[in-house]
Amino acid sequence: MMTEMRTIRTLLIANRGEIACRIIRTARSLGIRTVAVYSEADAAALHVAAADTACPIGPAPAADSYLRIDRLIEAAKATGADAIHPGYGFLSENPELARACAEADILFIGPDVPAIEAMGSKAAAKDIMAKAGVPLVPGYHGADQGADTLEKAAENIGFPVLLKASAGGGGKGMRVVERAEDLADGIAGAKREAAAAFGDDRLLIEKYLTRPRHVEVQVFADRHGNAVHLFERDCSVQRRHQKVVEEAPAPGLDEIVRTSMAKAAIDAAKAIDYVGAGTVEFIMDEDGAFYFMEMNTRLQVEHPVTEAITGEDLVAWQIRVAEGGTLPLTQDRISASGHALEVRIYAEDPEREFLPQTGRLSRLAFPEDMDGVRVDTGVIEGDSVSVHYDPMIAKLITHGRDRAEALRRMSRALGEVRIAGLANNVPYLKRIVEHQAFIAGGVDTRFIETYREDLAAGGAGEGGTWESDSMPALAAAALLEAERLDVVRQARLGGDPYSPWAMAYGWRLNDSPQHRLTLLHGADELVLLYRLEAGTYVFEQGEKQVRIGVSFHANGRLEARLDGISIHAEAAFEDDAITVFYGGTAHRYVLKTALASGADAGENSGHVAAPMPGKLIAVHVAEGAEVAKGDPLMVLEAMKMEHVIRAPDDGVVAALHYGPGDQVEEGADLLLFETRIAD
Ligand code: MV4
C-alpha cells in the first residue's frame, strides 16, 4: 500500500475548553504551530491564550461558531493550517467537516468519511459488525418495519425487549417492553417518539439486559494496515447517559473476556477500514457476555485513563497517523501498568437535580505536587461558565499502582479541589469514589440510581468531628476578620487611619460585649453569638465556648486556632458568602445580613448585588460617601438598557468593589452599604 506522507506544520483545533487546551499541549510539544478558533463568548478563554494564533469564528451560540464548517475552513486557509483536529463533540463525528477538509486539501484528524458514515447509522453499523463476527445483542435490525415482523422478532428474542430508534443514540428514544401484551402499544409509541425526535420512525429491537456494564475498547489503526487496541475502559457510572466516572482497566474483568473483547474491537475497526483513534463500546452482562453497542469515531473525553495506564499520548498518535505514519507501537509492545480513574467536574448543583450552573469561578484551584494526579481543564480562576456550552470545569485523573491507590488518590485530590462561586459536583464525586459498592469495583450502569440516597448530600458518614462542628464559627470568624482587615487596609490606602468607617468598625466591635451573626447553610439558619476578646473571637455554643483566632496567608490559606489547636484551611469569599475548605470538604455559608451586629447596623446594611450581568458605565459615589435612601450609586448597562443602582437606605457606602467600565456577573458584590446608625 502506498501512503503519501505529509508533515503537519500548523494545526487548527476546531474546539474549545479543556480538549482544545489538551490538543494544543501535544501539538506544541511536537513542534507544531497551533491555531485556536473562538466564539465571541470565548475571546478571553484559556484555549485562545494557549495557541500561537487565534481566529474569531462567530457569535457565542455553537451553531453560529464552533459548528460552522465554512468558517473553520476559512480560518484554516487564512492561517495556513494544514490540518484540523475536531476534538470531541461539536463536529468531531460529522462527515461533512471531514469532507470539506478533503476538498480544501486540509488533513482531517480522524477517520475517512465512509467510516464516520458507517458508524453514524445504528442498523448499518450492526450489519457490518455482524458480518465481521463481532458479537451483537440478540435482536432485530432489519429493513422490514411492518408491525407483524417487529412483533414476531420480539417474540423470538424473548422478553424483556428494548426498542431503540434506529436514528437515536446516547440513550435517546429507548423503551423497555416487559411483557408480550404491552408490545403493540410499545412499538406504536416508540415509532411516534422516534418520528418526532429524529424524523425517522425505524426501530431496532434487542434483548434487554437489566444491569449491564459499559465497557469500551480504545483502538487505533494506521493507513498501512495495522490495527491495535490500548485496552479497555469501564464507564458504567453514568447519570442520564452522561459519564461521571471512568476507569481503566475495567475492574474484575476476566482475562479471557478482556482478550476476546479487545479482539472483537480490532475486528470492528478492520471491518470498516478504520484509521486513527476510535472506541468500540460494548455492554456486558454479569457473566461476562459482551455485545457491540456502537463505535465512536473520535478521541473521547475519557482518553486520559488510557494514557495513564499505557504511558502513551493518544493525540500524538493521532497526529502521526494523520500524517500517514505507522502506529508508534506494535501490539506486543503496548502494555498497561496500574490503574487509572477519571471524574468529570461539572458546574451543576447535585442538590437541585444537577441543574447546570453559570457564572464566575471566583475561586478555582486544583491539587498541586501530587504524584499520579492529572488535571485537564480549559478555565482558570476568574473565568465564567457560560450558558452556551457544556458546563464541565475540569477532568481529574488519578493513576496508581493498583485500583486502591488510584482511588485513594482520587479521594484526596477531590478533597483538594477548591471551587467557589458556582455550585459543583465535587462533593458528589467524592461520595461516589468513597462509596463501598464503588470501592468493591465492577458496578453496573444502575449504580447511581441504586445508591441514590447514599450519594445525596447529608447522607451517612458526614460531619460529627469537633472540627466540623466548629465550621460555622470558624467561617464567621474568618468573615469578621476579613472584613476587619479590609477596613484597616482601606483606611491605610486612603491615608486616613481615622476615617469614620475604620473608627466605626472598631467602635462597633468593642462597644457591646455580645454580637450576633446569622449564617445560612443550605436550608439551615445558624445564629451565632460572639464577642471579640484580645484579637480572639469567642463564640457561645450552648453551654460551651469556642475561642477562635484566625490569620490569613497567601492564596486564601488560613490558619485558625480552635481552642488553641491549629488547623490549616482555606477560605474563598464571594459576594456575601464564604467557603471554608477543610478536611477535604467545602463548607459554604452565606452571611444573612452583613455586619448585623445587634442594634448597630440597620436592616438594609450589607452587600449590594448586581441584579443582572452587565457593564458598569458610571459610579456616582466614592467610598465613605454619605447618601440618602434612593440616591443613585452606580449605573449598570445590561441588555442595551441602563439600570440605576440606588441606595437601599440612608447610610454610608462603606466599600466599592468595582469601577466604571468593569464587566460584572449577575449577583456580583458591587458595594458594601452600611445603614446610618440611628442615634
Ligand atoms: C441497552 C441496555 C440494555 N439492553 N441495550 C444506553 C445508551 C445506548 N448507547 C445504549 N444503552 C443501553 N442499551 C440493551 N439491549 C442498556 C443501555 C443503558 C446503558 C448503556 C451503557 C451505559 C449506560 C446505560 C444506562 C442506561 C441504559
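Reply: Let us begin with the overall division. This is a predicted model, and its chain is divided into domain 1 (10–109), domain 2 (138–207), domain 3 (213–455), domain 4 (466–592) and domain 5 (595–675). The C-alpha centres of domain 2 and domain 3 lie 30 Å apart.

Me: Which domains each supply at least three residues of the shell around the ligand?

Reply: Domain 2 (138–207) and domain 3 (213–455) each do so. In terms of strands, β7, β9 and β14 (290–296) each give the shell at least two residues. There are 17 residues around the ligand, and those that come nearest are Leu-162, Lys-164, Glu-206, Lys-207 and Leu-209.

Me: How should I read a salt bridge, and how many salt bridges are counted?

Reply: The general idea is that side chains of opposite charge can pair when their charged atoms come close. The cut-off applied is a side-chain nitrogen of Lys or Arg within 4 Å of a carboxyl oxygen of Asp or Glu. By this rule the model has 44 salt bridges. In one of them, the side chains of Glu-206 and Lys-164 meet with an N to O distance of 3.0 Å. Glu-206 belongs to strand β9 (residues 203–207) and Lys-164 to strand β7 (residues 161–169), so this pair ties together parts that are 42 residues apart in sequence.

Me: Are Glu-206 and Lys-164 buried or exposed?

Reply: Both residues are buried. Other pairs can be read in the manner just shown. Arg-352 and Asp-349 form a salt bridge at 3.9 Å, N to O. Arg-352 counts as partly exposed because its relative accessibility is 49%, while Asp-349 counts as buried because its value is 11%. A further salt bridge joins the side chains of Glu-405 and Arg-401 at 3.2 Å, N to O. Glu-405 is buried, with a relative accessible area of 18%, whereas Arg-401, at 70%, counts as exposed. Salt bridges may also share partners: Arg-22, Arg-25, Glu-307, Asp-313, Arg-374 and Asp-376 are joined into one network in this way.

Me: How many residues of helix α10 are buried, and which are they?

Reply: Helix α10 (residues 303–310) is mostly covered, with 7 of its 8 residues buried. These are His-303, Pro-304, Val-305, Thr-306, Glu-307, Ile-309 and Thr-310. Just after α10 comes Gly-311, which takes a positive phi of about 75°.

Me: What should I expect of phi and of peptide bonds in general, and which residues here depart from it?

Reply: Most residues other than glycine have a negative phi, and most peptide bonds are trans. Asp-105 has a positive phi, near 60°; this residue is found in the loop between α4 (95–103) and β5 (107–108). Asp-105 counts as exposed, at 53% relative accessibility. Glu-353 also has a positive phi, near 50°, and lies in the loop between β16 (348–349) and β17 (355–356). Glu-353 is exposed, with a relative accessible area of 72%.

Me: Where are the cis peptide bonds?

Reply: Pro-160 is found in the loop between α7 (147–157) and β7. Another runs from Ala-248 to Pro-249, with omega near -10°. The place of Pro-249 is the loop between β12 (242–248) and α9 (255–271).

Key: Residues numbered from 1 in each chain as written. Predicted model: local features only at pLDDT ≥ 70, side-chain atom pairs only at ≥ 80, totals over all residues. Heavy atoms only, no water. Helix = DSSP H or I, 4+ residues; strand = E, 2+ residues; numbered from the N terminus. Buried < 20%, exposed > 50% of the residue type's maximum accessible area, 1.4 Å probe, protein only. Near = heavy atom within 4 Å. Domains from an automatic or database assignment.
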